[in-house]
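Student: I am new to this structure. Could you take me through it by question and answer?

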Amino acid sequence: MDIQAIQERINQRYPFLLIDRVLEVEPFVRSVAYKNVTINEAFFAGHFPDNPVMPGVLIIESMSQAGAMMYPKAKNGYIAGIDKVKFLGLVRPGDQLVTEAVNIQKAGAFAKVQVTARVDGKDVARAQITYYMEFEEEKE
Amino acid sequence: MESVKTLELRVKQCIINRLGLDVSADEIEDDAPLFGEGLGLDSIDALELVIAIGKEFDVAIGDDDMGIFQSVNRICEFIRTARPEL
């Protein structure tokens, strides 16, 4: 799934679209997507001067967008909860941040996923993310 | 074969453990509302209960079954229908 297809699925846009490509999608089961991290990211100017490290909150956002790929296009999607978060390594310019997301449970407007982000095969972050999704009124 | 009392107690303990509630099982009434003014649970807690009850009692709770989380009695009723042996 390329960047056009990603933008058809979620509403995030520059400077907050934090995945570049989707590698695998099994609807309601699993998705894998990645972000290429470059020194041109605006946040590296301040996080931190002379020591560029991708902020953990943005790693979470990238993981969240990667996980959202397994669900159908919602009118709006929001993060409703984040549990069991661990940051295990630093993400720096040049890294490819690959997130694997696995569905834990979907119930009504809510869905929960287990997400793991890796760089070069090594885990850099893990979390459980709960989404709240708003769908268009269904026409009978 | 489990007694009727035991299933209610198991459900309450399952809820308390999953959500980390600071109450004991005997403080939760069988027919009291769990959400809002009752135990004060929210809609995100409901998703957690789908996971916890589903795993603990080996039942599948679909989107149409979400009404069972109104009370412990309703949850037990659902479990007994799905798993009559309990």
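Tutor: One definition comes before the rest: the expected span of a helix is 1.5 Å times one less than its number of residues. Keep in mind that this is a predicted model.

Student: How many Å does helix α2 of chain A reach from its first C-alpha to its last?

Tutor: Helix α2 of chain A covers residues 56-68, which is 13 residues. At 1.5 Å a residue, 18 Å is expected. The reach from the first C-alpha to the last is close to that, at 18 Å.

Student: Which elements of chain A do the buried residues of α2(A) pack against?

Tutor: The buried residues of α2(A) include Ile59(A), Ile60(A) and Met63(A). Ala66(A), Gly67(A) and Ala68(A) are also among them. Their packing partners in chain A are β2 (30-36), β3 (76-87), β4 (96-107), β5 (110-119) and β6 (122-134).

Student: How many nonpolar residues are on the side of chain B that touches chain A?

Tutor: Eight residues of chain B are in contact with nine residues of chain A. On the chain B side, one residue is polar and one is charged, while the nonpolar residues number six.

Technical notes: Residues are numbered from 1 along each chain as its sequence is written. Chains are lettered from A and ligands numbered from 1 in the order in which they are written. This is a predicted model: local features need pLDDT of at least 70, side-chain atom pairs count only at pLDDT 80 or more; totals for chains, interfaces and linings use all residues. Helices (H or I, at least four residues) and strands (E, at least two) are DSSP runs, numbered from the N terminus. A residue is buried if 20 or more other C-beta atoms lie within 10 Å of its own, exposed if 12 or fewer, and partly exposed in between; C-beta atoms are placed from the backbone. Two residues are in contact if their C-beta atoms, placed from the backbone, lie within 7 Å. Ala, Val, Leu, Ile, Met, Phe, Trp, Tyr, Cys and Pro count as nonpolar, Asp, Glu, Lys and Arg as charged, and the others, Gly among them, as polar.
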